[in-house]
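Please work through each task before reading its solution.

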Amino acid sequence: RCGMEKLSVEQFSEILDPAGLNEGSIFGALSEDATRFLLDKGLILSVAAGERVFSAGDSGDSFFVVCEGALDFYKHHEGRRVNTRSVGHGGELGFVAMIALQPHSGDAIAATDSILLEISSLLFSKLHEQYPQDFGLITLNLSRDMARVINQLGNALVETIAPADSAPSLRLKSG
């Protein structure tokens, strides 16, 4: 995390209104106390456009919420690398690797100067212990976000494999 700068909650609050986090999809409907808990205990990072947040193969023991700015995700698979999504305010990257207990499957690169909140698996567990209702809400929000991504990737797959002027039948292998 060479060029990333750690910010205190006070520095963060000078730049952004913490209440604004609740306008994003991941923190939507979370209590002020739970949001403050995550900011106090999480790692707030300022990253410059072009900086790498994580790389394919890095430990997936945390995820990153975009408080301001945007991140691009480049998925790696069998020697290929493709930008599969971009996330902005209130979105996240890294949750799938964390919840699957797997290393990251791609690179997260700051598309713009950004402020991120890193939530470790340990902090996520502590949120469950101390704010169970908010943990349920953030888990639901994260699940909705994953469902949207799965739908978008599925649509991109169909568009890539079966252009609008053709209707081939294709069966994907599982696993």
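**Exercise 1.** Determine the strand order of the open sheet and how its strands pair.

*Solution.* The five strands of this open sheet follow the order β1-β2-β9-β4-β7, with antiparallel pairing. β1 (5-7) and β7 (92-93) stand at the edges with a single partner strand each, so one side of each lacks a neighbour in the sheet. Strands are DSSP runs of E of at least two residues, and helices are runs of H or I of at least four, numbered from the N terminus; two strands pair if DSSP finds at least two bridges between them. The model is predicted: local features require pLDDT of at least 70 and side-chain atom pairs pLDDT 80 or more, while totals for chains, interfaces and linings use all residues. Residues are numbered from 1 along each chain as its sequence is written, and side-chain values use heavy atoms, without hydrogens and water.

**Exercise 2.** Identify the salt bridges of aspartate 107 and state whether this residue is buried or exposed.

*Solution.* First, a salt bridge requires a side-chain nitrogen of Lys or Arg within 4 Å of a carboxyl oxygen of Asp or Glu. Aspartate 107 meets this criterion with arginine 52, the closest N and O atoms being 3.1 Å apart. This pair joins strand β8 (residues 106-110) to strand β3 (residues 52-54), the two residues lying 55 residues apart. Next, aspartate 107 also forms a salt bridge with arginine 81 (3.1 Å, N to O).

Finally, consider accessibility, where buried means under 20% relative accessible area, exposed over 50% and partly exposed in between (1.4 Å probe, protein chains only). Aspartate 107 is buried at 4%, whereas arginine 52 is partly exposed at 41%.
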